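Subject: Structure for your review

Dear colleague,

Please find below the structure that I am handing over to you. My findings follow directly after it.

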Amino acid sequence: MTEQYAPTAADVGRMYDQSTGLLSEVMGGNIHLGYWRDGDDDASVEQATDTLTDMVAERLALSPGARVLDIGCGSGKPAVRIAGTWDVHVTGITISAQQAQTAGARPEVGEGNGQVSFLQADGMDLPFPDAHFDRVYAIESFLHMSDRATAVAEAARVLRPGGVLVAANPYQQGELTPHEAEIVADNRKLFEIPPIGDADEYAGHMAKAGLEIVEMLDIGENVRRSHTVAAALIRQAQGAGGSAFSEELSRAADIIERFGELPQIGYGLIVARRP
Ligand code: SAH
């Protein structure tokens, strides 16, 4: 039954309206997993999540002045970092009204010839003309979309020929035992995620959208620590709320931790080019 569970875009928006403050607090201002080189890497969560942003940006092959779309911009931190580091214009879209508002209130908005801007829009129905952007990236947002084929096709449509798309998402590789499937189902419910999808699914959507895959990198082992760290920080945050709130957070921390321990959960950085 749970395998069929598919949140609507509105469900995802509501979840982020409510949880963005806490999630960005425990993930260094970003709402994505962090990258650690190896077990000895002592980077903080903020450094590790920023490193992941930088890995996406490096793969975009940006030149100054490029027009870039951030699909699922979260708190806006990745867009601000990329715009500032690479001197490009980033438009961030999010399905969450709350995120569009808080990202839009960032002091960087409107600076340097309008280098960053944010609006509420659905990645499965982008409000931009064909070939409008030089580059498109989506960090942990396709994951949430119930029609990923359309989402990827929309990303390809707004990308100019010769443009590059980089997508970063957790994905599943290999079978789950019934117990493991329950853990995944709990995590999907918690974060409003349709069936998680594997590397082939993403690659298939890209090919169908007319994109050529340039690189597929699995960094599952490098991001795994994020779940344990986030769970620990959520447990710390618990003290701040009332007891019902506390119970909910404690359950969320357990789910996140168990999910992160599953070896079948990998993480793909996919780079594709529109010919
Ligand atoms: N990319 C950001 C946030 C990741 S969290 C970061 O790396 O920090 C997932 C993001 O995807 C949220 O901003 C959420 O609003 C967005 N998202 C999920 N479904 C979406 C949809 N259908 N359309 C637009 N954005 C969506």
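**Findings**

Glu 140 is found in the loop between β4 and α6 (148-157). Please bear in mind throughout that this is a predicted model.

Glu 140 has a positive phi of about 55°, although it is not a glycine. Most residues other than glycine have a negative phi. With a relative accessible area of 12%, Glu 140 is buried, because the cut-off for that class is under 20%.

A second residue of this kind is Ala 131, a non-glycine residue whose phi is positive and near 55°. Ala 131 sits in the loop between β3 (116-120) and β4. Its relative accessibility is 34%, so Ala 131 counts as partly exposed.

Turning to the strands, β4 (residues 133-139) pairs with β1 in the parallel sense, over 3 bridges. Within this pairing, Arg 135 of β4 stands opposite Val 68. On β2 (residues 89-94), β1 has another parallel partner, and that pairing comprises 5 bridges. Here His 89 in β2 is the bridge partner of Arg 67. Together with helix α3 (residues 77-86), β1 and β2 make a β-α-β unit, which is right-handed. Of the 5 residues of β1 (residues 67-71), 4 are buried, so this strand is largely enclosed by the rest of the structure.

The ligand site may be of particular interest to you. Around the ligand there are 22 residues, of which the closest are His 32, Gly 72, Thr 94, Gln 99 and Gly 123.

- His 32: a polar side-chain atom lies 2.5 Å from an oxygen atom of the ligand.
- Gly 123: a backbone N or O atom is 2.7 Å from a nitrogen atom of the ligand.
- Gly 74: a polar backbone atom lies 3.0 Å from an oxygen atom of the ligand.

On its own the ligand has 570 Å² of accessible area, and the protein covers 99% of it.

Thr 53 counts as buried because its relative accessibility is 0%.

Yours sincerely

Note on methods. Residues are numbered from 1 along each chain as its sequence is written. This is a predicted model: local features need pLDDT of at least 70, side-chain atom pairs count only at pLDDT 80 or more; totals for chains, interfaces and linings use all residues. Side-chain values use heavy atoms; hydrogens and water are left out. Buried means under 20% relative accessible area, exposed over 50%, partly exposed in between (1.4 Å probe, protein chains only). Helices (H or I, at least four residues) and strands (E, at least two) are DSSP runs, numbered from the N terminus. Two strands pair if DSSP finds at least two bridges between them. A crossover is right-handed if, with the strands pointing away from the viewer, the path from the first strand over the helix to the second runs clockwise. A residue is near a molecule or strand if one of its heavy atoms lies within 4 Å of it. A polar contact is a pair of N or O atoms within 3.5 Å; within protein, one must be able to donate a hydrogen and the other to accept it, and residues adjacent in sequence count only if both atoms are side-chain atoms. Accessible areas come from the Shrake-Rupley method with a 1.4 Å probe; for residues, only the protein chains shown count as cover.
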